Amino acid sequence: MAAALIASCLLIAASCLSSELLRIIINKNVETPLSKLLCLEFIASAELCAVCFELIVVAEEYGIWMYALVLFLLTLWWAAHWGDASACPYIHLEAYLDGSIHFSQAFLASLAEIAGGLAIYKYVQYTWDLELSGHINRSVWDCDADLHVPAFQGALIEGVATFLCRIVSKLIAEIEPRFGGVLDAFIGTSLVVAACDYSGGYFNPVLATSLKLNCRGNTVAEHFVVYWIGSIAGSVVSWRVYPFIKENLFPKPSTNKKDQ
């Protein structure tokens, strides 16, 4: 069992390190900001989805707590190495709503993420065909849905969890506490574990689509409602609500002076 777990961890490490090498190459050779962003989003999404395919094996073979530990460590890695990439469409949507990027940039970045998430099937299948861990007779195209509740309830779970993740991340970025990244990763991982038996706990449309689109157990429409509308709605609500939270938690000092 230990040898199989080590094999899964080595496959995950190989995906992360090869992605990091590609990032170094892109950062050195691609100068246009938009082109660089699209390339980095493609790589980040491919890395995320390839690693999470292997995490499915870890969860099934070694339990949810081993899955949570590996996911926690990976979240720290991604936060330290992805730079401006997010591998998540609603991050760009929030940036567009803030007015910091144009809609075309948000749209193209989302397309690059989707492409990255769909481009790794053959790579993952090749690693599974090596049968180094719990991969015997596994296929990326043979899967069961993680949605174990009605679609509306699943969308609500994904939406609320996404909302909480985004609010917590923004608060941590605002406060900048010591070990803020560790705290953010811990809370995000905890929410994934909490939602795992209900909706799967994806909180990312690209990740959910790469791993679970067309799997047995839910329709394409249900998948879209739960993992796209649900999580994007949670993100948009967090974008609308956070200014009020910020205003109440971090009020600006009054500039009014009493007349003397």
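Which residues does UniProt list for "transmembrane region"? The unreviewed entry gives residues 34–57, 64–83 and 103–124, in the numbering used here, and such annotations may be inferred rather than shown by experiment. The model is predicted, so to speak of local features pLDDT of at least 70 is needed and side-chain atom pairs count only at pLDDT 80 or more, while totals for chains, interfaces and linings use all residues. Residues 64–83 are 90% helix and 0% strand, with 29 Å between their end C-alpha atoms. In residues 103–124, the end C-alpha atoms lie 32 Å apart, and the span is 91% helix and 0% strand. Helices here are DSSP runs (H or I, at least four residues), as are strands (E, at least two), numbered from the N terminus.

Turning to helix packing, the axes of α1 (residues 2–29) and α2 (residues 33–62) come within 10 Å and cross at roughly 180°. Axes are lines fitted to C-alpha atoms over the stretch in contact, with angles from 0 to 180 degrees between N-to-C directions. The two helices are therefore roughly antiparallel (angles over 145 degrees). Their contact comprises 17 nonpolar residues, four polar and four charged; nonpolar means Ala, Val, Leu, Ile, Met, Phe, Trp, Tyr, Cys and Pro, charged means Asp, Glu, Lys and Arg, and the others, Gly among them, are polar.

On the surface, Leu34, Tyr96, Leu97, Phe103, Phe107, Leu108 and Leu111 form a nonpolar patch with about 600 Å² of accessible area together (Shrake-Rupley method, 1.4 Å probe). Patch residues have over 30% relative accessible area and no salt bridge, and nonpolar side chains are joined within 5 Å; a salt bridge is a side-chain nitrogen of Lys or Arg within 4 Å of a carboxyl oxygen of Asp or Glu. Helices α4 (89–98) and α5 (103–118) each give two or more residues to the patch, and the largest share, four residues, comes from α5.

Note on methods
Residues are numbered from 1 along each chain as its sequence is written. Side-chain values use heavy atoms; hydrogens and water are left out. Angles under 35 degrees count as roughly parallel, over 145 as roughly antiparallel, 65 to 115 as roughly perpendicular and the rest as oblique. Patches are made of residues with over 30% relative accessible area and no salt bridge: like charges are joined within 9 Å, nonpolar side chains (Val, Leu, Ile, Met, Phe, Trp, Tyr) within 5 Å.
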